[in-house]
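This briefing concerns the structure shown below. The notes that follow are grouped by topic and should be read alongside the coordinates.

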Amino acid sequence: MIDLSSFPVLQAIGWTLLHSLWQGALLALLAVVALRLAQRHSADLRYAIAVGTLGLLVLTFAGTLIWISIGGDPLPVSGTLAIVPIGEGQSPVSWMVRLRGALGPWIPWLFLAWILGFSLRLVQVGRSLVWLYGPCLGNLQPPPAEWLARFESMRIRSRVQAPVRLGLSDQVDSLVVLGWLKPMVLVPAAAFLALSPEALEALLAHELAHVRRGDFLANVLQTFAEALLFYHPAVWWLSRRIRQEREHCCDDAAVQACGDPILYASALVGLEELRSQPNLIPDLAPAASGGHLMSRIQRLLHPHATHAPAAPLAALIPALLLAVVLGIATLSATDAPKPAPAASDPVEMDFKLIRVKHQPEAPAYPPEAKAARIQGTVVVVLVIDTEGKVTAAKAISGPPELHACAVGYARAWEFEPAKVKGKPVPARFKLTMPFRLK
């Protein structure tokens, strides 16, 4: 049977996935604050904030993966053994090590779950592309001749440099933009019959705004970011907000082009009435029917009193994730109260109060334990004298096969004298040594 934990790339991706949870939660919280402050500003600013946050999340994921892959693991390793003795509940590193020990066995399964979800998302993206560039483009009909000239005039007024094609499709139920270098606007055939020329022109102005902004390419990149980080609630919240603000930006451009928000809002309602079933268009392509229609109309008619619909639960999930991580850190760093020592006994102390004079290099993994794939955490009780020298060491828990190695390693440490009220005293404390095979 293949030991998945022996693959460095798998380990790097697995730990990167875990780190991305708190990184994404933190970035999402910052985005919530920034979007709240920008509530009264332009949709372009809110769009830039949301897109920037999603981009940072992807870059952080990539940076963490590279950092771990090139050996950025904060825990030192020795040969095939990762062993770090840490005092019980003290330095910020200790709880990280214990957390790593607890989560380490799950990394292979985490990687498998991620690669499965990522693959399924890529399949969905591929199916969307096949549908858009297959049936949608394969059955196009030319628009009425007068609309070709009208559309070309609109393209020039909209400051769209690249030529844009216009086509009728019976496969879409809303106006859609396809392509980046050679963009095309697809219009449902029913729109020419059901909508007034002024309303259809306002909707075409919306699509030309998508073309001018390069939204098709941005949407494709956003879709791949969703596939990569599909497991993170912050990504879905940001993506929903990006699509909403993107439609707001193009709504503003359409209103500016037609000069009548009521006309444009009526056009959106008329387009919605043409749809006989839920949206057929995948998120991969910007469409006039994207976003929350009612909030878009309210925003057009009452621009200073409306705001994109909040998603309270989705917004709270990143905060809860961050709270869980911080809670684990806090609980792990919390020390249990210790009884007062007798005058003749070593003083019970926490390792964080002990200053290390010399920490030797980690020893080699015991061969017999390595051959038997024995791993675990050994707790060693150490006693030092008034000069900081180790006078006793005893393993009190962990796999017995690892006790001798742990005790021998603990005896090689050197410490500064422990002090109480400025006077050196004998002290007793614990070292926790996780033994992990790479």
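Two strands pair if DSSP finds at least two bridges between them. The model is predicted. In this model, strand 8 and strand 9 form a hairpin with five residues between them, and the turn contains Gly 388, whose phi is positive at about 90°.

**Strand 8 and its partners**

- Strand 8 covers residues 376-384, and eight of its nine residues are buried.
- Strand 9, at residues 390-397, runs antiparallel to strand 8 and is joined to it by six bridges.
- Within the pairing of these two strands, Ile 384 has Val 390 of strand 9 as its bridge partner.
- Strand 8 also pairs with strand 13, residues 427-437, in the antiparallel sense over nine bridges.
- Val 378 stands opposite Met 433 of strand 13.

**Strands 3 and 5**

- Strand 3, residues 165-169, is mostly covered, with four of its five residues buried.
- The pairing of strand 3 with strand 5 (residues 184-188) is parallel and extends over five bridges.
- Ser 169 has Pro 188 in strand 5 as its bridge partner.

**Nonpolar cores**

- The largest nonpolar core comprises 32 residues, and those with the most contacts inside it are Leu 54, Leu 57, Trp 114, Leu 228, Leu 229, Trp 237 and Leu 238.
- Two or more residues of this core come from each of helix 1 (8-37), helix 2 (43-69), helix 4 (107-138), helix 8 (215-228) and helix 9 (233-258).
- Helix 1 gives the most to this core, contributing nine residues.
- Leaving aside neighbours within four places in sequence, Leu 54 is in contact with Gln 222, Ala 225, Val 235, Leu 238, Ser 239 and Ile 242.
- A second, separate core has 31 residues, including Val 160, Leu 166, Leu 195 and Ala 205.

**Annotated transmembrane regions**

- An unreviewed UniProt entry places the feature "transmembrane region" at residues 12-35, 47-70, 106-123, 175-196, 216-238 and 310-331.
- In the model, residues 12-35 are 100% helix and 0% strand, and the end C-alpha atoms of this span lie 33 Å apart.
- Residues 175-196 are 27% helix and 36% strand, with the end C-alpha atoms 15 Å apart.

Technical notes:
Residues numbered from 1 in each chain as written. Predicted model: local features only at pLDDT ≥ 70, side-chain atom pairs only at ≥ 80, totals over all residues. Heavy atoms only, no water. UniProt positions renumbered as here; feature names shortened; annotations may be inferred. Buried < 20%, exposed > 50% of the residue type's maximum accessible area, 1.4 Å probe, protein only. Core = buried A, V, L, I, M, F, W, Y, C linked by side-chain atoms within 4.5 Å. Contact = heavy atoms within 4.5 Å.
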